[in-house]
Each structure stands twice: as structure tokens, then as C-alpha cells.
Amino acid sequence: MTKTKRTARKDSNYVIYAARCVETGAVYVGLTRKGSRTLDGAVKERWRKHVSRARNENRKWTLYVYLKTGGLNMTWEHEVLDVVRGRAEAYAYERELVKMIEPDLNDQYL
């Protein structure tokens with residue numbers, strides 16, 4: 001059986017969100033594909049994946065180091081910043097927001 005490469009979905013909605021640690025005020029800006037979930041559901045699922053990766057993988061990303069060194073035991077609030085149609089457009093807008101907001105826990109795009 002031959003695998004075919006999936007084509008990128010240009011018509012998908014992407015959710016750009018901010019995660020803020022209630023105790024310290026540290027902020028992370030991220031994005032995820034909405035799919036068929038609600039906006040909050042998409043963000044919660046993506047955050048669950050961040051937590052899992054922080055626990056189980058040895059990545060040195062600022063967010064994961066923060067989570068491993070106490071952030072997993074803290075309270076996090078999530079806010080939908082925007083919904084953008086199209087993958088390229090969403091990633092471009094996320095880069096702009098990260099440069100503008102300068103969140104503590106993002107180490108990409110700065």
C-alpha cells in the first residue's frame with residue numbers, strides 16, 4: 001500500500017491563545033488548529049499536549065523548562081486571542097503577536 005502525502009489545509013481555522021500562570025504572571029503565546037472542537041476545547045487539548053511533552057520529553061524549550069521546574073503545580077489561565085483562517089496566515093500572525101507582546105515563555109520568533 002502506497003502512502004499519499006496529505007495536502008495542507010488552507011481553509012482550517014487556527015486558534016491563537018495566551019496561557020498565563022496565575023501565580024507568577026508568566027505568559028506563553030501559542031497556536032493550534034481548531035478542527036471540529038470548540039475554541040476552548042482546542043486550546044485545552046493543545047495545553048494538555050504541552051504538559052505531556054514537558055513531563056515526558058527532554059526538550060529545552062523555555063515553556064517546558066518552566067513547567068518542569070514548578071509550573072506544572074501552578075494554576076494556568078487560557079485566553080483565546082484570535083482565530084485566523086489558513087495555516088500560513090495563522091503562523092505569520094502568531095509571530096507578529098509574539099514579537100509585539102514579548103511573552104516570558106516563548107523562545108521562538110524573538
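**Close-up 1. E102 sits in the segment after α3.** The model is predicted. E102 has a positive phi of about 55°. E102 is not a glycine. Its relative accessibility is 58%. The cut-off for exposed is over 50%, so E102 counts as exposed.

**Close-up 2. N106 is buried in the segment after α3.** Helix α3 spans residues 87-101. The relative accessible area of N106 is 3%. Buried means under 20%, so N106 falls in that class. A polar atom of the N106 side chain lies 2.7 Å from the backbone oxygen of V29. Leaving aside residues up to four places away in sequence, N106 touches V27, Y28, V29 and V98.

**Close-up 3. The second largest pocket has a volume of about 210 Å³.** Its lining comprises 16 residues, and those closest to its centre are Y28, R46, H50, W61 and Q108. Four elements each supply at least two lining residues: β2 (27-33), α1 (39-56), α2 (62-68) and α3. By class, eight residues of the lining are nonpolar, five are polar and three are charged. Y28, one of the residues closest to the pocket centre, is also touched by N106.

**Close-up 4. W61 and Y64 form a tilted aromatic pair.** The count of aromatic pairs comes to four. In the pair of W61 and Y64, the ring centres are 5.1 Å apart, with 35° between the planes. Planes over 60 degrees apart would count as edge-to-face, and planes under 30 as stacked. W61 is partly exposed, at 38% relative accessibility. Y64 is buried, with a relative accessible area of 1%. W61 is also among the residues closest to the centre of the second largest pocket.

**Close-up 5. Y66 and W76 form an edge-to-face pair.** Their ring centres lie 6.0 Å apart. The planes stand at 85°, so the pair counts as edge-to-face. Y66 belongs to helix α2 and W76 to strand β3 (residues 76-85), so the pair ties together parts that are ten residues apart in sequence. W76 is buried, with a relative accessible area of 13%.

**Close-up 6. W47, Y66 and W76 make up a ring cluster.** Ring pairs provide the links between these residues.

Technical notes: Residues numbered from 1 in each chain as written. Predicted model: local features only at pLDDT ≥ 70, side-chain atom pairs only at ≥ 80, totals over all residues. Heavy atoms only, no water. Buried < 20%, exposed > 50% of the residue type's maximum accessible area, 1.4 Å probe, protein only. Polar contact = N/O pair within 3.5 Å; in protein donor to acceptor, adjacent residues only side chain to side chain. Contact = heavy atoms within 4.5 Å. 1 Å grid on protein atoms, 1.4 Å probe; cavity = no way out; pocket = protein on both sides within 12 Å on 5 of 7 lines; lining within 4 Å. Points joined across faces, edges and corners; volume = space filled by probe spheres on them. Nonpolar A, V, L, I, M, F, W, Y, C, P; charged D, E, K, R; others polar. Phe/Tyr/Trp six-rings, centres within 6.5 Å; stacked < 30°, edge-to-face > 60°.
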